[in-house]
There are 2 protein chains.
Amino acid sequence: MFLFEKKMFVVGIDIGGTFIKIGVFQADNLQLVQKFVLNTTQFKTFESLALEVQEILIHYQDLQGIGIGAPNGNYFDGTIKFAPNLSWQGQIPVVQIFRKFFTNAHIVLNNDANAAALGEMLFGKAKGLKHFMQITLGTGVGGGIIVNGKLLYGFDGNAGEIGHTIYEPDGRQCNCGKKGCLEMYASARGLVMTTKELLMIRKTPSMLKNLPEIDAFVISTAAANGDPIALEAFEITAKILAKQLSDCAAILAPSKIFVSGGLSKAGTVLFEPLNKYFQHFLLSIHKNIISIEQSGLPDDNAGILGAVALVVKK
Amino acid sequence: MFLFEKKMFVVGIDIGGTFIKIGVFQADNLQLVQKFVLNTTQFKTFESLALEVQEILIHYQDLQGIGIGAPNGNYFDGTIKFAPNLSWQGQIPVVQIFRKFFTNAHIVLNNDANAAALGEMLFGKAKGLKHFMQITLGTGVGGGIIVNGKLLYGFDGNAGEIGHTIYEPDGRQCNCGKKGCLEMYASARGLVMTTKELLMIRKTPSMLKNLPEIDAFVISTAAANGDPIALEAFEITAKILAKQLSDCAAILAPSKIFVSGGLSKAGTVLFEPLNKYFQHFLLSIHKNIISIEQSGLPDDNAGILGAVALVVKK
């Protein structure tokens, strides 16, 4: 009883290519107590990051658990095998390294999309849902699948790779080595590529034509302001994503699909065409029954809420 | 104890568009005791079929269970909602009707692909596997998905509809109302359509050119004899199926994919290009690890073995 009372805090760590966010939560009611943001690139090694986290959390003795969400994080072996968007090379034994610095805490690693799915179930719109999908649209496209109220891992922990389903065989070259992966069309990068292609072939006037460089945020803003090229780029992106998600719906029969990540903040310009095409591509038994919704997690804390959900017991 | 000893038999019923196969098995060792084959079209109503089954099984008192595999059979509500390849119209309350005729038996309905997956696990090559997929290639294309050793149903019992994932948006019109479904390319019907298209556009000599009508069996035989058009049709069919199955692999991470059903009997002319393209389309982490194999269930009894697996307790 004494031991339990001491372990009053749980931690969620969201590792991204640019920032590492650390949230400390009260274990009993899951209220966020404190939050830290670090620059990913300042850490030359993963050990130096773990050391920094130990120093930051020095006042929180005897943590109950630490959940870590990271691109390509593997729950089964506790390592990040190969993450193109992180600077650390090779296979990183994340859980093993953290165990050295936090000897008494329960430490769990998972990929960011799986963490987001658990976060959606604990804090967001998926409370009580037994079958749903979480899609993260950011630099890449990730997927977390909940079946019978639990994450679907597959035989090796690598299930949910919706971003690497193939939209177009022999299409755009993906970082993963394959061609035509969904990720190359429906991620922030994919949206930018599609927009640049449109800017070259369309004669339509567009506020994007005068810019030296464009990114997903600029395209979203332009689309929200009615720019025809930006709107067309979102229409194309949404149609491609809708087609792949309708395949997931046929395979998995999820009751809902939630979308989180940077690109999901585009709002209506994404979700309106996305749901239109999704309904079009769905099986008749699922039309107007399965829907795609924006994640219910607050933008700023979505990552740490997902990460902490990894170590919360129901 | 006495009651249990009396219930010595379990029954598997495989309902197809042409034949209904009924297998009686010993409950203790699952040995096939007797088998019956009926013509599907001779039964104007489903009640008349249930009555016939009752008469056939009159000597097997107090059956332990009856498993029924049928196209579009829904495990959740025990009905066949809409099966384009069966002559009975509307929604058929299969379990409810069978309960009237077999008051003491445990009766379970499921779709044929789910039954095949359970059959593969109990009698075939999937013994001990926790994550795998079963694909049935026949008049249609069905899928049964095993996750953590159990069938994946989704929120409404309709998961596994790999045949209705979309290979080509705006492609061939499918019976389900959608366009470009995998079923229209990788089923026996799909193979025939592809072959007919090739026969029209290719000048290559082919033994198929002189035939008044062709079916999947004729094409398989021609391919096995080296006919270039038949081989090309299998190559195209295999590539399409491989692409869709690689998407399933990215989503589900199954350790294996088994293929059963009429078209799977084509053997090497199907499986050789199928595995070649499948490995090509797989994520690098899965290459040469996940494979596609012919089902281990004996052709003639695959349906009844799957059906009886529905009522066998582990």
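The model is predicted, so local features need pLDDT of at least 70 and side-chain atom pairs count only at pLDDT 80 or more, while totals for chains, interfaces and linings use all residues. Residues are numbered from 1 along each chain as its sequence is written, chains are lettered from A and ligands numbered from 1 in the order in which they are written, and side-chain values use heavy atoms, leaving out hydrogens and water.

Start with the two copies.

Helix H8 (residues 228–252) of chain B packs against H8(A) at about 75 degrees, with the axes 11 Å apart. That makes H8(A) roughly perpendicular to H8(B). From H8(A), the contact uses Lys243(A), Gln244(A), Asp247(A), Cys248(A), Ile251(A) and Leu252(A). From H8(B), it uses Lys243(B), Gln244(B), Asp247(B), Cys248(B), Ile251(B) and Leu252(B). Contact means heavy atoms within 4.5 Å. Helices (H or I, at least four residues) and strands (E, at least two) are DSSP runs, numbered from the N terminus. Axes are lines fitted to C-alpha atoms, for helices over the stretch in contact, and angles run from 0 to 180 degrees between N-to-C directions. Angles under 35 degrees count as roughly parallel, over 145 as roughly antiparallel, 65 to 115 as roughly perpendicular and the rest as oblique.

Leu252 also matters for the core count. The largest nonpolar core has 109 residues, and Leu252(A) and Leu252(B) have the most contacts inside it. Such a core is a set of buried Ala, Val, Leu, Ile, Met, Phe, Trp, Tyr and Cys residues joined through side-chain atoms within 4.5 Å. Beyond neighbours within four places in sequence, Leu252(A) contacts Met133(A), Ile145(A) and Leu152(A), and, in chain B, residues including Leu152(B), Ile251(B) and Leu252(B).

Within chain A, H8(A) also meets helix H9 (residues 268–281). Their axes come within 7 Å and cross at roughly 40 degrees. That makes H8(A) oblique to H9(A). Among the residues in contact are Leu231(A) and Phe234(A) of H8(A), and Leu274(A) and Phe278(A) of H9(A).

Another pair is helix H4 (residues 112–123) and helix H10 (residues 302–309) of chain A, whose axes come within 7 Å and cross at roughly 90 degrees. That makes H4(A) roughly perpendicular to H10(A). Residues that meet include Ala115(A) and Gly119(A) in H4(A), and Leu305(A) and Gly306(A) in H10(A).

Now the loops of chain B. Ala266(B) lies between strand S11 (256–260) and helix H9 (268–281). Ala266(B) is buried, with a relative accessible area of 16%. Buried means under 20% relative accessible area, exposed over 50%, partly exposed in between (1.4 Å probe, protein chains only). Not counting residues up to four places away in sequence, Ala266(B) touches Ser220(B) and Phe234(B).

Most residues other than glycine have a negative phi. Asp62(B), between helix H2 (46–56) and strand S4 (65–70), has a positive phi near 50 degrees. Asn148(B), between strand S9 (141–147) and strand S10 (150–151), also has a positive phi near 50 degrees.
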